[in-house]
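Please look through the structure below with these notes beside you.

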Amino acid sequence: SKRGYYSDLREFIQALDKNGKLARVKRKVVKERDIGSYFWLQFRGLPEKEWKSFLFENVIDAKGRRHDRVLMGPYSSSREIVALGMRCKVEEMNEKWSYALNHPINPVMVKSGPVHEVIHRGRELEEVGLEGLAFPVEVPGFSGSIRTSTHMVSKDPETGARNVGSYSGHISGRKNFAWGTAPHHHGYAHIMKSRQKGKRAEVAVIIGATPNIALMSAASIPYSMDEYAAAGGLAGEPVRLVKCK
């Protein structure tokens, strides 16, 4: 493609909508009860060509707090949606994926970005709480907790090598977000190495990544390969990064 990759998730939402792959739900829904149920229901009978991402435009949580919009299943609801995120045809996905892994493009650091447009810190952050973030949650009762799946970034404390993985996040109260990982995951290795050095692992959580980052975070690629670089290879351009606040 001659044009560049998606600049942000909003641009990908527009592409989903334009290609008939976005279901807009305008009726009021409860985040913890309805979102996962609505989304997963489509897989119980509809053909794959009709599977979509869901954009909920009238959302409240169980305590009545309102969210502007919540997006569910934007990256991989169907092979056509994966191909849309990769900016290729379905039959080209294997070749493009292999090319990306063999031609990574290192990310670049920039001074600022849209992710810094809204910042909550200190007491203000405590008042907003985790429940103030408009993240989607799974089908009620599946894991016995309020659980979301998101992208978590960590690094090897010895080499500085980064990992972007797709992990479970378990919400407990306003302040506690438990990272669900296991010994065979790269993020787990980073946690253990940090503990051995007497340090806390540094972790960033991404909500609303572009598809190239989301897809690479869910893939099993070599420990030494930076998922940001692999995502750059998939996009054909460097991922732009900013320092966390």
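1. Rings of Phe, Tyr and Trp (its six-membered ring) pair if their centres lie within 6.5 Å; planes under 30 degrees apart are stacked, over 60 edge-to-face, and the rest tilted. By this rule there are ten aromatic pairs. In one of them, Phe39 and Phe43 have ring centres 5.3 Å apart and planes at 85 degrees, so this pair is edge-to-face. Ring pairs join Tyr38, Phe39, Trp40, Phe43, Trp51, Phe54 and Phe56 into a cluster.

2. A word on the source: this is a predicted model, where local features need pLDDT of at least 70, side-chain atom pairs count only at pLDDT 80 or more, and totals for chains, interfaces and linings use all residues. Residues are numbered from 1 along each chain as its sequence is written, and side-chain values use heavy atoms, leaving out hydrogens and water.

3. Buried means under 20% relative accessible area, exposed over 50%, and partly exposed in between (1.4 Å probe, protein chains only). Phe39 is buried, at 5%. Phe43 is partly exposed, at 25%.

4. Helix H6 covers residues 186–196; its buried residues are Gly187, His190, Ile191 and Ser194. Seen down the helix axis, they fall within an arc of 100 degrees, taken from the directions from the axis to the C-beta atoms, so they line one face. Helices (H or I, at least four residues) and strands (E, at least two) are DSSP runs, numbered from the N terminus. After H6 comes Gly198, with a positive phi near 75 degrees.

5. Val205 sits in strand E11, residues 204–206. Val205 is partly exposed, with a relative accessible area of 41%.
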